[in-house]
Amino acid sequence: MAVSPVAALNSKLSLPSGKQQQSKFTGQSVRAIPIRILTVGKNRSQGVQLIVDEYMKKLRNYCSVDDVRIKSNPKNARDVVAQIEHEDIAVMSLIRPDEWVVMLDERGHDVGSDQMASLIGDSGNKGASSLLFCIGGPYGHGRQLRERANVSVKLSSLVLNHEIALVVLIEQLYRGWTILKGQKYHH
C-alpha cells in the first residue's frame, strides 16, 4: 500500500510529547528557500497589515518571503460551490510545479512551533524551489488544492478568519526560523 506524501510528512512531523525540544537542525545548515504566503480574502485591515509588514521584515533576515493575495469570490458567484471552485482555479494558477505546498486547514495536522521549524527545514532540504503556504477563503479550499498540497496543517483547533490565520502563520514562520538558527525569539 502506497503512503501519500501528506501521510509521510505528517509522520515525520511527529515529535515526542513533553518539554520543548531542541531542533533537529541545530548546528546544521538549513537551505533558506523562498517562502510564499497565498491568502484568499478581502482587503486587510490597517492593523493586520502593520503586523504582517513587521513580521515580513523580520522573516527577510532568514529567507525571501512574498505575500500573495487573491480576492475571495473572484467572479462574484452567488453559489458557494462555484465560489470555492473559482478561488481554487485562481490559487492553482499561481502554484509552481516544484513548490512544496502547505495547505492551512482546520482539519489539517496539528503542529507546534518545533514541528513548524522542522517543516521549514525539511522542505529546504528536499529540493523544493520554494515553500508555499495557502490560506483559504471564507468557505475553505477547493478540491484541486486539496489534491495538490504536500501537507495539510492546522494552526489552531479554533477556526480562524484569513487575517488572523495570516498573523498566526507569519509569527510562527519567524519563530520557526529562530528555532532553526538556535536564536532567542524577539517579539
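Analyst: Let's start with Leu173. If you skip its neighbours within four places in sequence, Leu173 is in contact with Ile35, Ile37, Leu59, Met116, Ile120 and Phe133. Keep in mind as you look that this is a predicted model. On average, the protein chain has a pLDDT of 85, and 83% of the residues score at least 70.

Now widen the view. The largest nonpolar core has 37 residues, and those touching the most other members are Ile35, Ile37, Val102, Leu131, Phe133, Leu173 and Trp177. At least two residues of this core come from each of β1, α2 (46-59), β3, α4, β4, β5 and α6. Which of these gives the most to the core? That is α6, with 10 residues. Helix α6 covers residues 162-180 and lies across β1, β3 and β4, and its direction runs at about 170° to β1.

Next, look at strand β4, residues 130-135. Are its residues mostly covered or mostly open? Mostly covered: six of its six residues are buried. Ser130, Leu132 and Cys134 point one way from β4, while Leu131, Phe133 and Ile135 point the other way.

On one side is strand β1, residues 35-41, which pairs with β4 in the parallel sense over five bridges. You can find one of the pairs by looking for Ile35, whose bridge partner in β4 is Leu131. Then there is strand β3, residues 99-110, which runs parallel to β4 and is joined to it by six bridges. Across this pairing, Val102 stands opposite Phe133, and Met103 stands opposite Cys134. To get from β3 to β4, the chain passes through helix α4 (residues 113-124), making a right-handed β-α-β crossover.

The pairing carries on beyond these strands. β3 also runs parallel to strand β5, residues 151-154, with five bridges joining the two; there, Leu104 stands opposite Val153. On another side of the picture, seven bridges join β1 to β2, again in parallel, and Gly41 has Lys71 as its bridge partner in β2.

Put together, the five strands make an open sheet with parallel pairing, in the order β2-β1-β4-β3-β5. Its edge strands are β2 (65-71) and β5, each of which pairs on one side only. Ignoring direction, neighbouring strands of the sheet are turned by 30° against each other on average. Another helix packs on this sheet as well: α3, residues 80-92, touches β1, β2 and β4, and its direction makes about 160° with that of β1.

One last caution about the start of the chain. Over residues 1-21 the pLDDT stays under 50, and the model has 23 contacts for them beyond four places in sequence. Where pLDDT is low, the predicted coordinates should not be read in detail.

Terms used: Residues are numbered from 1 along each chain as its sequence is written. This is a predicted model: local features need pLDDT of at least 70, side-chain atom pairs count only at pLDDT 80 or more; totals for chains, interfaces and linings use all residues. Side-chain values use heavy atoms; hydrogens and water are left out. pLDDT is the predictor's confidence in each residue, from 0 to 100. Contact means heavy atoms within 4.5 Å. Buried means under 20% relative accessible area, exposed over 50%, partly exposed in between (1.4 Å probe, protein chains only). Helices (H or I, at least four residues) and strands (E, at least two) are DSSP runs, numbered from the N terminus. Two strands pair if DSSP finds at least two bridges between them. A crossover is right-handed if, with the strands pointing away from the viewer, the path from the first strand over the helix to the second runs clockwise. Axes are lines fitted to C-alpha atoms, for helices over the stretch in contact, and angles run from 0 to 180 degrees between N-to-C directions. A nonpolar core is a set of buried Ala, Val, Leu, Ile, Met, Phe, Trp, Tyr and Cys residues joined through side-chain atoms within 4.5 Å.
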